[in-house]
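Subject: Structure handover

Dear colleague,

My notes on what was found in it follow.

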Amino acid sequence: MVDTTLLARALRAAELVQLHGLTQTQIAAAVGASQPQVSRILKGQGLKRSRIFEEVCLYAERYDHGVTAKSVCENDELISALKETWDGTANHARALATVIRSLSALGARHVEPVTAEKEVG
């Protein structure tokens, strides 16, 4: 059964890719996927919620309107990290926000995803 929410998001990402002249190869290199994976996602084929799906959609979406509060709230990994680290206070929220904003200096292309073999444990 096709998840209509995922399908709608994938097809919207495909529209944005075309609108902004992005290439599947460019997206694949930026998100650590293969071009065929990106192609399948943008065609809405075999969709499932995954890191690659999320990264492809976010890549396209930020060219249109930047990252929205909705996309932040729907990013399970980010929300999980915040839940694990934030102590619930306003001071700690400001400190975490400062750290997160400082990461923008690295740029999206310089941040490698953490995989199981890279995690320190």
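Overall make-up

The protein has seven helices and zero strands, where helices (H or I, at least four residues) and strands (E, at least two) are DSSP runs numbered from the N terminus. Read from the N terminus, the order of elements is α-α-α-α-α-α-α.

Please note that this is a predicted model, in which local features need pLDDT of at least 70 and side-chain atom pairs count only at pLDDT 80 or more, while totals for chains, interfaces and linings use all residues. Residues are numbered from 1 along each chain as its sequence is written, and side-chain values use heavy atoms, with hydrogens and water left out.

Of the 121 residues in the protein, 23% are buried. Here buried means under 20% relative accessible area, exposed over 50%, and partly exposed in between, with a 1.4 Å probe and protein chains only. Contact means heavy atoms within 4.5 Å. Taking the contacts between residues at least 6 apart in sequence, 56% join residues at least 24 apart.

Helices α1 and α3

The axes of helix α1 (residues 4-19) and helix α3 (residues 35-43) come within 7 Å of each other and cross at roughly 110°. Axes are lines fitted to C-alpha atoms, for helices over the stretch in contact, and angles run from 0 to 180 degrees between N-to-C directions.

On the α1 side the contact is made by A10, L11, A13, A14 and V17, and on the α3 side by I41, L42 and K43. By class, this contact has seven nonpolar, no polar and one charged residues. In that count Ala, Val, Leu, Ile, Met, Phe, Trp, Tyr, Cys and Pro are nonpolar, Asp, Glu, Lys and Arg are charged, and the others, Gly among them, are polar.

R12 also lies in helix α1. R12 counts as partly exposed because its relative accessible area is 36%. Its C-alpha atom is separated by 8.4 Å from that of C57, 45 residues apart along the chain.

Helix α4

E54 is found in helix α4 (residues 51-64). With a relative accessible area of 11%, E54 is buried. Not counting residues up to four places away in sequence, E54 touches R9, S71 and N75.

The structure holds one aromatic pair. Y59 and Y63 form this pair, which is tilted, with 5.4 Å centre to centre and 50° between the planes. Rings of Phe, Tyr and Trp (its six-membered ring) pair if their centres lie within 6.5 Å; planes under 30 degrees apart count as stacked, over 60 as edge-to-face and the rest as tilted. Both tyrosines lie in helix α4, four residues apart, about one turn of the helix. Y59 is buried at 4% relative accessible area, whereas Y63 is partly exposed at 36%.

Cysteines

There are zero disulfides in the structure, a disulfide being a pair of cysteine sulfur atoms within 2.5 Å. C57 is buried, since its relative accessibility is 0%. C73, with a relative accessible area of 56%, is exposed.

Helix α7

A93 lies in helix α7 (residues 90-102) and is partly exposed at 29% relative accessibility. A93 and L82 are 11 residues apart in sequence, with 9.4 Å from C-alpha to C-alpha.

Regards
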